[in-house]
Amino acid sequence: MSTSSAGSRTPSRSHASASVGPLAGVSGLSAAAAYAEGGMCDLAIMVVEARYERVHAALMLAVTASALGQTVLLFGMGAGVAAFCEKWDGLEQPKQDAARQKAGVAGVETLRTALTELEEVSLMVCDSGLKAMSVSEQALLPGVAVVGLPTFLDQAGAARLAVF
């Protein structure tokens with residue numbers, strides 16, 4: 001794990017093949033490089049709840065925006081960090097996923113897999129959210145950066161913001 005002067009911490013287990021400043025280890029190296037160079041993302045999404053419907057909507061929005069060529073920053077804080085864990089059974093009402101998939105709509109696992117593979121998407125969680133929810137960094141998906149709220153705000157810049 002590395003620490004930058006901005007107080008960001010990133011996990012050492014990452015999909016990224018190189019490190020770029022405070023966002024080393026963030027999924028989607030091209031997005032991370034753009035942020036580190038002072039670039040801006042198009043859409044910043046905050047996930048602050050662990051309710052299935054809200055998490056699913058946030059993931060759908062992120063995947064769709066990315067598919068349209070937009071750079072997306074997805075940030076979990078508070079109970080929302082559950083959406084960024086490898087095991088997402090911490091979500092409220094997770095059984096709704098089966099009904100969603102039966103209806104032909106992508107489920108949480110499909111959406112999260114897509115997000116970790118898209119270069120236009122960066123995934124972050126709030127360091128204080130991890131502490132508050134008693135979640136370890138090892139429980140996170142590979143490539144999720146652990147940062148402070150100031151880092152998220154800096155990286156989001158003037159992007160459109162959606163809160164779920």
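Modeller: Let's start with a term: a nonpolar core is a set of buried residues of the kinds Ala, Val, Leu, Ile, Met, Phe, Trp, Tyr and Cys, joined through side-chain atoms within 4.5 Å. Keep in mind that we're looking at a predicted model.

Biologist: Okay, which residues of the largest nonpolar core touch the most other members?

Modeller: This core has 34 residues, and the ones that touch the most other members are Ile45, Val47, Leu74, Phe84, Leu91, Val125 and Leu140. Two or more residues come from each of strand S3 (43-47), H2, S4, helix H4 (108-117) and strand S5 (121-126). H2 gives the largest share, seven residues.

Biologist: What is Ile45 in contact with, leaving aside its neighbours within four places in sequence?

Modeller: Ile45 is in contact with Ala58, Leu61, Ala62, Val72, Leu73, Leu74, Phe75, Ala162 and Phe164. There's also another core, apart from the largest one, with 12 residues, including Cys41, Met46, Cys126 and Ala159. In soluble globular proteins, nonpolar side chains tend to be buried together.

Biologist: Phe75 turned up in that list. Why is Phe75 called buried?

Modeller: Buried means under 20% relative accessible area. Phe75 has 0%, so it is buried. Phe152 counts as buried too, because its relative accessibility is 1%.

Biologist: What makes Phe75 and Phe152 a stacked aromatic pair?

Modeller: Two checks. Ring centres have to lie within 6.5 Å, and the planes must be under 30 degrees apart to count as stacked. For Phe75 and Phe152, the centres are 4.3 Å apart and the planes 15 degrees apart, so the pair passes both checks. A search of the whole structure finds one aromatic pair. The pair links distant parts of the chain: Phe75 is in strand S4 (residues 72-76) and Phe152 is in helix H6 (residues 149-156), 77 residues apart.

Biologist: On to charges. How many salt bridges does a search of the whole structure find?

Modeller: Four.

Biologist: And why do Glu53 and Arg100 count as a salt bridge?

Modeller: The cut-off is 4 Å between the side-chain nitrogen and the carboxyl oxygen. Glu53 and Arg100 come in at 2.6 Å, so they qualify. Glu53 lies in helix H2 (residues 52-67) and Arg100 in helix H3 (residues 96-102), so this pair ties together parts 47 residues apart in sequence.

Biologist: Which residues are linked in a network of salt bridges?

Modeller: Glu49, Arg51 and Arg54 are. Glu49 pairs with Arg51 at 3.4 Å, and Glu49 also meets Arg54 at 3.6 Å. Glu49 has a relative accessible area of 26%, so it is partly exposed. Arg51 is partly exposed at 36%, and Arg54 is partly exposed at 25%.

Biologist: What makes the phi of Ser134 worth a look?

Modeller: Most residues other than glycine have a negative phi. Ser134 isn't glycine, yet its phi is positive, near 55 degrees. Ser134 sits in the loop between helix H5 (127-132) and strand S6 (145-147). Exposed means over 50%, and Ser134 has 70%, so it is exposed.

Biologist: Last one: where is the pLDDT below 50?

Modeller: The protein averages a pLDDT of 79, and 76% of the residues score at least 70. Over residues 1-37, though, the pLDDT is below 50.

How values were computed:
Residues numbered from 1 in each chain as written. Predicted model: local features only at pLDDT ≥ 70, side-chain atom pairs only at ≥ 80, totals over all residues. Heavy atoms only, no water. Helix = DSSP H or I, 4+ residues; strand = E, 2+ residues; numbered from the N terminus. Buried < 20%, exposed > 50% of the residue type's maximum accessible area, 1.4 Å probe, protein only. Phe/Tyr/Trp six-rings, centres within 6.5 Å; stacked < 30°, edge-to-face > 60°. pLDDT = per-residue confidence, 0-100. Contact = heavy atoms within 4.5 Å.
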